[in-house]
Amino acid sequence: MWATINEDNSIKEIINYPRAITVGQVRHPKDIFKSWSWTDLNNIGIYEVVDSSNRGNDFFEYSTTSYAFNSNTNKVVMSCTLTDKPLADLKAKAIAQAKTTANNYIKRFSWLVERLAYDGSKTIPSAVGTYVGDIKTDCTAIETAINGASNKTEFKALYEDNKDSDGNITEVNRINRWTDDTDVKTYIR
């Protein structure tokens, strides 16, 4: 990224992608962003943007980006201010997401219900019935874990996998712990 600077060292414009640019009365092609040195770009008022911040996680926090020109380094420093999203909003979003995931797992078998409705002699395989029941139980357990998180730290922990000393996952995070569908794969449509 690049930035143009006003005479008072305030940020005039942030440039995310190379494009033709007019500086003063001169129109420059987009190639200057790749072929010119930083010294040449600086001489016409274009400076490198460097990221000095932690952007956080957009799921858990809002981030506000700000830019400041550092005349000592001839760089524009980008920084982010993080603000926590309200826990109640995060919980509501996570519960809605869990319900959507459960519904997506279950609806792969809706053709069996339709078949039963049209042809009463065909039944829903017991493995599918068991799997659907397990998915509902999984969803309830995830919702209970979400509602049981009393603060942001506990809530974030629901999204962390348990790992052994070598970094191998020993247990998938609570939010993504769903019953395996190996026994019912042949019925998925």
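Analyst: Start with confidence: pLDDT is the predictor's confidence in each residue, from 0 to 100. This is a predicted model. The mean pLDDT of the protein is 92, and 100% of its residues reach 70 or more.

User: Where is confidence lowest, and where is it highest?
Analyst: The lowest value falls in strand E9 (residues 169–171), with a mean of 82. The highest is in helix H3 (residues 87–107), at 97.

User: What makes Glu48 and Lys75 a salt bridge?
Analyst: The cut-off is 4 Å between a side-chain nitrogen of Lys or Arg and a carboxyl oxygen of Asp or Glu. In Glu48 and Lys75 the closest N and O atoms are 2.7 Å apart, so the pair meets the cut-off of 4 Å. The pair links distant parts of the chain. Glu48 sits in strand E5 (residues 46–51) and Lys75 in strand E7 (residues 75–84), 27 residues apart.

User: Why is Glu48 called partly exposed?
Analyst: Buried means under 20% relative accessible area, and exposed means over 50%. Glu48 has 21% relative accessibility, so Glu48 counts as partly exposed. Lys75, at 28%, is partly exposed too.

User: How do you know that Lys152 forms a salt bridge with Asp84?
Analyst: Their closest N and O atoms are 3.7 Å apart, and the limit is 4 Å. Lys152 lies in helix H6 (residues 152–157) and Asp84 in strand E7, so this pair ties together parts that are 68 residues apart in sequence.

User: Is Lys152 buried or exposed?
Analyst: Lys152 has a relative accessible area of 15%, so Lys152 is buried. Asp84 is partly exposed, with 49%.

User: Which residues are linked in a network of salt bridges?
Analyst: Arg108, Asp181 and Lys185 are. Asp181 is buried at 12%, whereas Lys185 is partly exposed at 49%.

User: How many salt bridges does the rule give?
Analyst: The count comes to seven.

User: What makes E1 and E2 a pair?
Analyst: Pairing needs at least two bridges. E1 (residues 2–5) and strand E2 (residues 11–15) have four, in the antiparallel sense, so they qualify as paired. Ala3 has Ile14 of E2 as its bridge partner. The two strands form a hairpin with five residues between them, and Asn9 in the turn has a positive phi of about 70°.

User: How many bridges join E1 to E5?
Analyst: Three, and these strands run antiparallel. Trp2 stands opposite Glu48 in E5.

Technical notes: Residues are numbered from 1 along each chain as its sequence is written. This is a predicted model: local features need pLDDT of at least 70, side-chain atom pairs count only at pLDDT 80 or more; totals for chains, interfaces and linings use all residues. Side-chain values use heavy atoms; hydrogens and water are left out. Buried means under 20% relative accessible area, exposed over 50%, partly exposed in between (1.4 Å probe, protein chains only).
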